[in-house]
Amino acid sequence: MEAINEVHVSEPGLVVVDVAAADDETAFAFHAALAARWATTSVERTTRDPGQPGVRLRCYLDLRQPMSPSGAPSAMA
(Lines give C-alpha, C1' and ligand atoms only; values in the text may rest on other atoms or scores of the structure.)
Protein backbone atom coordinates (compact mmCIF):
# COMPACT_ATOMS: atom_id res chain seq x y z
CA MET A 1 0.00 0.00 0.00
CA GLU A 2 1.11 3.53 -0.59
CA ALA A 3 2.20 5.80 2.23
CA ILE A 4 -0.41 7.62 4.29
CA ASN A 5 -0.81 11.19 3.10
CA GLU A 6 -0.56 13.84 5.83
CA VAL A 7 -3.88 15.40 4.77
CA HIS A 8 -5.70 12.15 5.66
CA VAL A 9 -4.80 12.59 9.35
CA SER A 10 -4.42 16.36 9.51
CA GLU A 11 -7.15 16.87 12.14
CA PRO A 12 -8.43 14.96 15.18
CA GLY A 13 -11.17 12.57 14.17
CA LEU A 14 -9.72 11.64 10.75
CA VAL A 15 -8.62 7.99 10.52
CA VAL A 16 -6.88 5.80 7.95
CA VAL A 17 -7.94 2.15 8.20
CA ASP A 18 -5.86 -0.57 6.56
CA VAL A 19 -7.64 -3.92 6.50
CA ALA A 20 -6.06 -7.31 5.88
CA ALA A 21 -8.60 -10.07 5.28
CA ALA A 22 -8.74 -13.60 3.93
CA ASP A 23 -10.88 -12.61 0.95
CA ASP A 24 -12.71 -9.77 -0.80
CA GLU A 25 -16.05 -10.65 0.78
CA THR A 26 -14.66 -10.33 4.30
CA ALA A 27 -12.85 -7.05 3.56
CA PHE A 28 -15.95 -5.49 1.99
CA ALA A 29 -18.17 -6.71 4.85
CA PHE A 30 -15.86 -5.02 7.35
CA HIS A 31 -15.91 -1.81 5.33
CA ALA A 32 -19.72 -1.95 5.20
CA ALA A 33 -19.81 -2.27 9.01
CA LEU A 34 -17.60 0.81 9.35
CA ALA A 35 -19.66 2.75 6.80
CA ALA A 36 -22.85 1.96 8.71
CA ARG A 37 -21.41 3.78 11.74
CA TRP A 38 -19.19 6.58 10.37
CA ALA A 39 -18.64 8.64 7.23
CA THR A 40 -16.17 6.68 5.09
CA THR A 41 -14.71 6.81 1.63
CA SER A 42 -16.11 4.35 -0.84
CA VAL A 43 -14.02 1.35 -1.84
CA GLU A 44 -14.28 -0.51 -5.11
CA ARG A 45 -11.48 -3.03 -4.98
CA THR A 46 -8.99 -4.77 -2.78
CA THR A 47 -5.30 -5.28 -3.47
CA ARG A 48 -3.10 -8.32 -3.18
CA ASP A 49 0.53 -8.19 -2.09
CA PRO A 50 2.69 -10.73 -3.99
CA GLY A 51 3.79 -13.53 -1.70
CA GLN A 52 1.37 -12.51 1.07
CA PRO A 53 -1.88 -14.31 1.93
CA GLY A 54 -5.27 -12.61 1.65
CA VAL A 55 -6.28 -9.18 0.43
CA ARG A 56 -5.85 -5.60 1.63
CA LEU A 57 -8.21 -2.65 1.61
CA ARG A 58 -7.70 0.96 2.69
CA CYS A 59 -10.43 3.42 3.58
CA TYR A 60 -10.64 6.76 5.31
CA LEU A 61 -13.05 7.55 8.15
CA ASP A 62 -14.28 10.82 9.56
CA LEU A 63 -15.24 10.15 13.16
CA ARG A 64 -16.47 13.73 13.47
CA GLN A 65 -19.52 12.82 11.35
CA PRO A 66 -21.41 10.10 13.22
CA MET A 67 -24.09 8.32 11.26
CA SER A 68 -27.64 7.75 12.42
CA PRO A 69 -29.04 4.21 12.61
CA SER A 70 -30.64 4.74 9.18
CA GLY A 71 -27.22 5.35 7.62
CA ALA A 72 -27.76 9.06 6.97
CA PRO A 73 -25.55 11.65 8.68
CA SER A 74 -27.09 12.72 11.97
CA ALA A 75 -28.02 16.35 12.50
CA MET A 76 -25.51 18.25 14.56
CA ALA A 77 -26.98 20.60 17.18
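A: This is a predicted model.

Q: What makes up the largest nonpolar core?
A: The core has 10 residues in all: Val 17, Val 19, Ala 21, Ala 27, Leu 34, Val 43, Val 55, Leu 57, Cys 59 and Leu 61. At least two residues come from each of β1 (14-21), α1 and β3. β3 gives the most, with four residues.

Q: Which residues of α1 are buried?
A: Ala 27, His 31 and Leu 34 are buried in α1. The arc they cover around the axis is only 60 degrees, so they sit on the same side of α1. An α-helix has 3.6 residues a turn, so residues three or four places apart point the same way.

Q: How do you know that the span of α1 is close to what is expected?
A: α1 has 14 residues. From its first C-alpha to its last it reaches 20 Å, close to the 20 Å expected at 1.5 Å a residue.

Q: Why is Thr 26 called partly exposed?
A: Partly exposed lies between the buried limit, under 20%, and the exposed limit, over 50%. Thr 26 has 40% relative accessibility, so it counts as partly exposed. Thr 26 lies in helix α1 (residues 24-37). Thr 26 and Val 55 are 29 residues apart in sequence, and 9.3 Å apart in space, C-alpha to C-alpha.

Q: Why is Asp 62 called buried?
A: Buried means under 20% relative accessible area. Asp 62 is at 10% relative accessibility, so it counts as buried. Asp 62 is found in strand β3 (residues 55-66). Leaving aside residues up to four places away in sequence, Asp 62 touches Gly 13, Leu 14, Trp 38 and Ala 39.

Q: What makes the pairing of the Asp 62 and Arg 64 side chains a polar contact?
A: The cut-off is 3.5 Å between N or O atoms. The side chains of Asp 62 and Arg 64 make their polar contact at 2.8 Å, so the distance falls within it.

Q: What is the order of elements in the protein chain, and how much of the chain is buried?
A: From the N terminus on, the elements run β-α-β-β. Of the 77 residues, 25% count as buried.

Technical notes: Residues numbered from 1 in each chain as written. Predicted model: local features only at pLDDT ≥ 70, side-chain atom pairs only at ≥ 80, totals over all residues. Heavy atoms only, no water. Buried < 20%, exposed > 50% of the residue type's maximum accessible area, 1.4 Å probe, protein only. Polar contact = N/O pair within 3.5 Å; in protein donor to acceptor, adjacent residues only side chain to side chain. Contact = heavy atoms within 4.5 Å. Expected span 1.5 Å × (residues − 1). Arc of directions from axis to C-beta. Core = buried A, V, L, I, M, F, W, Y, C linked by side-chain atoms within 4.5 Å.
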